[in-house]
Amino acid sequence: MAGFFGFAHRTWQIILPPSVPSKNPDALKFGILGAANIAPNALIIPASQHPDVIVQAVAARDKKKASAFAKKHNIPQIFDSYADLLADPEITCVFIPLPNGLHYEWTLKALVAGKHVLLEKPSVSNAVEAELLFRSPILQKPNAPVLLEAFHYRFHPAWNVFLSFVDRPNIAHVKVNMFIPKFLFGEDDIRFNYSLAGGALMDLCYTSSVLRGIFGTEPEECTSCEVRTQPEPNQLCDNSFDATWRFPGGATGEMHGTLVGSIMELLNGGLAVDVLHRPVVVEDESLPADQEKVKTRKVRTSNFLLPAFHHRIDVEDTFVVKKKMVGGDGEVIKTWKEKLSKKAYTFKEGGFGDRDSKPYWLTYRYQLDAFVDRVRGRPIPTGQWVDGEDSINTMKMIDMAYAKSGLPLRPTSSFRLTEG
């Protein structure tokens with residue numbers, strides 16, 4: 001019963017979150033490029049809870065849309081163009097939730113203007129753009145602006161507690177599911193527009209990020225990638241995928257995603273990650289010299305993308321005591337399982353110190369906290385970050401999957417910075 005009331009209370013506060021009573025005098029002022037649907041959850045609501053962040057301005061190609069957006073979300077300034085917003089010296093940071101195909105150009109322009117950038121994922125359209133962006137000379141300069149690809153799940157304490165149970169050298173297999181209900185997106189959604197770098201592998205790039213993050217290394221090969229595509233004229237965009245991977249040391253991974261799923265698929269492990277480890281011998285001095293103890297670990301995290309509503313980390317260790325035998329399996333003497341379940345809604349619950357955090361904070365709120373910390377030069381409690389090489393390698397993995405599927409890579413922008 002306590003669990004239900006905790007869920008209900010968190011959900012209520014997620015839907016109607018309390019705002020901070022006042023902002024710091026030198027709070028970071030954000031501008032938003034585009035009146036995007038993701039902006040309220042990704043920035044506006046988290047900013048209302050953060051004393052060091054003000055959402056100051058918005059710009060959109062449609063001035064009426066920008067005005068309506070600003071009025072709805074109490075944003076004081078409206079700019080006629082993205083360029084005008086970037087030119088305002090009062091704006092210190094920008095959030096870029098534009099269509100994928102516009103990320104590269106406007107992120108570069110924002111960096112040139114000296115703005116710190118919170119960039120909606122996927123960072124760009126393909127690995128070529130990723131290398132050009134994240135290895136840009138602008139980012140190599142002293143006191144360069146901060147650039148973060150918004151893989152927000154990584155900053156929640158629950159994700160980091162989950163990782164603490166993963167033994168990377170002994171991973172055998174990882175499986176990631178991301179099933180999104182069909183009713184959320186129409187047939188004409190930009191996610192299905194090839195010219196704007198749409199596709200399920202792009203939009204559900206969390207799956208690639210998760211696999212790489214768990215293994216802590218890069219895949220050697222995409223061994224298979226089956227996709228289902230949209231009907232014409234959007235047949236170059238995948239709406240679902242099933243991909244398998246080979247990682248160093250013989251480990252394997254698989255990722256499954258869809259933008260046209262059902263509610264039942266979402267509820268039945270649709271946002272789950274499973275990690276299976278190889279059997280390993282563990283020391284046990286109480287055993288006779290001719291016996292050994294072997295442990296095989298399974299770890300699962302459920303609802304990794306929306307852990308504030310509810311999540312659970314399950315650890316199952318299977319132990320076997322058996323006779324030692326060279327070149328084979330000895331006689332099994334005893335076997336048993338030990339199970340553990342964990343949750344972590346706050347920094348304190350995750351073992352990351354006493355820094356203020358609330359159980360109702362979404363992953364986006366934790367991400368904004370980390371972004372501000374990086375801009376301010378402060379340590380991030382979980383130690384997590386998504387650096388440029390991380391973002392480049394995620395895009396390389398997505399390109400590998402598209403190449404294996406037979407679909408073309410997403411198109412590269414023709415925009416280039418001019419010298420001087």
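Leu276 stands opposite Lys298, which belongs to strand β13. This is a predicted model, where local features need pLDDT of at least 70 and side-chain atom pairs count only at pLDDT 80 or more, while totals for chains, interfaces and linings use all residues. Residues are numbered from 1 along each chain as its sequence is written, and side-chain values use heavy atoms, with hydrogens and water left out.

Now let's see who pairs with whom. Strand β11 (residues 272-277) and strand β13 (residues 291-302) run antiparallel and share five bridges. Two strands count as paired if DSSP finds at least two bridges between them. The strands themselves are DSSP runs (E, at least two residues), and helices are runs too (H or I, at least four residues), both numbered from the N terminus. Strand β12 (residues 280-282) is also antiparallel to β13, with three bridges; there, Val282 sits opposite Lys293 of β13. Then comes β14, joined to β13 by twelve bridges, again antiparallel.

Follow Lys298 across to β14 and you find Glu316 standing opposite. Glu316 lies in strand β14, which covers residues 312-323. Is Glu316 buried or exposed? Its relative accessible area is 18%, so Glu316 is buried (buried means under 20%, exposed over 50%, partly exposed in between, with a 1.4 Å probe and protein chains only). What does Glu316 touch, leaving aside residues up to four places away in sequence? The list is Thr296, Arg297, Lys298, Lys337, Glu338 and Lys339, where a contact means heavy atoms within 4.5 Å. One handy thing to know about strands: in a regular one, the side chains alternate between the two faces of the sheet.

Time to zoom out. The protein has 13 helices and 15 strands, and 53% of its 420 residues count as buried. Among contacts between residues at least 6 apart in sequence, 70% join residues at least 24 apart. Along its principal axes, the C-alpha trace spans about 75 × 50 × 45 Å.
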